[in-house]
Amino acid sequence: MAKQNIYILGIESSCDDTSAAVICNNVVLSNVVANQKIHEEYGGVVPELASRAHQQNIVPVVHQALKQANITKHELSAIAFTSGPGLMGSLLVGTSFAKSFAFGLNIPIIDVNHMQAHILAHFIKEENFKQPEFPFLGLTISGGHTQIVRVDDYFKMNVIGETIDDAVGEAFDKSGKILGLGYPAGPEIDRRAKLGNPKAFKFTKPKVDGLNFSFSGFKTAVLYFIQKEVKKNPNFIENNLNDICASIQYTIIGILIDKLKLASKETGIKHIAIGGGVSANSGIRNALKSGEQKFGWTTYVPKFEYTTDNAGMIAIVGYLKYLKSDFATQDVMASPRLKI
Ligand code: KG4
Ligand code: ZN
């Protein structure tokens, strides 16, 4: 008998992107993301504005995802949604929408951990993208998270290192703010870093034991350095912007790679998969590639649209949980501090 196709609607609303996706088994049919531009003028995500924008976006985004997938809501097998971690007001919009939509359609709901989803996004079937082999190390790097996760199976994950303060994306964004760049500054630093000298300026790496990270001291080091130099030369930033960006990026990537080397050594695992917005960074991509030659790593970088927050990654987790009949009940709550 032919295997029946499973259609899952995925919904993501944990931070400032409203996203809906439809997956047929492990193939994404649509992945619609509405970014919220409103936060740019504030230099960071404003939770109350994020939740209001989710409310405005959710219905059109879901409608668009079904339309692009060319299916009707009655063909859906289940609805998967991000239950955490994230901003409470933002999570509530996706959670309530998923629960009521599924209730109306009389189909199961599946709660998804956003951090697991960043890692399991690697199992979305895509031409020319290889899927990681278990066990592997997942490095999730974004504006909200920095974690090294040991992944022994789809749902057998253990966080073996994480940031004790700022996330790596914040290190990019806050350094960018000091330099007068717009928000989020990560992509702009990346662009300028390609034109500058990474060894022009030296920033000390924070000393944190084991596999944990710390980025708040790094941001302060950038601030003091810039203040000192601007005192001597008011045009210091303008005159050296590309070199400063290259040096900042070089230091941040060095911190990530040092911890990955240690994690690989301690666990004996040489398969490494990255996820989260910062995995778009060209520096980390190049560093991982050279890790393949230098350390014998096999590295996995997802397709760009599955690195930043998106519902495709929620839908793939929905599919994997659907196969195990791992459903939630209508009393499931949004869980801002959900852990892996
Ligand atoms: O995963 P994401 O879209 O949202 C969450 O924070 O969950 O990640 C956004 C973060 C921002 O901090 C942004 O500056 C950073 O990813 N980012 C980058 C690059 N593209 C996005 N950082 C460095 N280089 C990039 N090319
Ligand atoms: Zn994320």
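Proline 85 lies in the loop that runs between β4 (78-84) and α2 (88-105). Here helices (H or I, at least four residues) and strands (E, at least two) are DSSP runs, numbered from the N terminus. The peptide bond leading from glycine 84 to proline 85 is cis, and its omega is near -10°. Proline 184 belongs to the loop between α4 (168-178) and α5 (186-193).

## Basis of the description

This is a predicted model, in which local features need pLDDT of at least 70 and side-chain atom pairs count only at pLDDT 80 or more, while totals for chains, interfaces and linings use all residues. Residues are numbered from 1 along each chain as its sequence is written, chains are lettered from A and ligands numbered from 1 in the order in which they are written, and side-chain values use heavy atoms, with hydrogens and water left out.

Histidine 118 lies in helix α3 (residues 114-120) and aspartate 309 in the loop between β10 (298-300) and α9 (312-323), so the pair ties together parts that are 191 residues apart in sequence.

Histidine 118 and aspartate 309 are both buried. The term buried means under 20% relative accessible area, exposed means over 50%, and partly exposed lies in between (1.4 Å probe, protein chains only).

## Helix α1 and the residue that follows

Helix α1 (residues 47-69) has 23 residues, which at 1.5 Å a residue should span 33 Å; the C-alpha atoms at its ends are 31 Å apart, which agrees. The expected span is 1.5 Å times one less than the number of residues in the helix. A kink of about 40° lies at asparagine 57, shortly before proline 60. The bend at a residue is the angle between axes fitted to the seven residues ending there and the seven starting there.

The buried residues of α1 include Leu49, His54, Asn57, Ile58, Val61 and Leu66. Glutamate 48, also found in helix α1, is partly exposed, with a relative accessible area of 46%. Glutamate 48 and alanine 328 are 280 residues apart in sequence, and their C-alpha atoms are 27 Å apart in space.

## Positive phi angles

Most residues other than glycine have a negative phi, and most peptide bonds are trans. Asparagine 70, in the loop between α1 and β4, has a positive phi near 60°. This residue, asparagine 70, is exposed, with a relative accessible area of 68%. Serine 325 has a positive phi of about 50° although it is not a glycine. The position of serine 325 is in the segment after α9, and serine 325 is exposed at a relative accessible area of 52%.

## The second largest pocket

Rolling a probe the size of a water molecule over the atoms shows where empty space is left. On a 1 Å grid over the protein atoms alone, a pocket is an open set of points with protein on both sides within 12 Å along at least five of seven lines, whereas a cavity is a set of points where a 1.4 Å probe fits but cannot get out; lining residues have an atom within 4 Å of a point. The second largest pocket has a volume of about 590 Å³. Grid points are joined across faces, edges and corners, and a volume is the space filled by probe spheres set on the points.

The lining of this pocket comprises 25 residues, of which Gln249, Tyr250, Thr251, Ile253 and Gly254 lie nearest its centre. The elements giving two or more residues to this lining are α7 (236-267) and α8 (282-295). Helix α7 gives the most, with 9 residues. The lining divides into 10 nonpolar, 9 polar and 6 charged residues. In this division Ala, Val, Leu, Ile, Met, Phe, Trp, Tyr, Cys and Pro count as nonpolar, Asp, Glu, Lys and Arg as charged, and the others, Gly among them, as polar.
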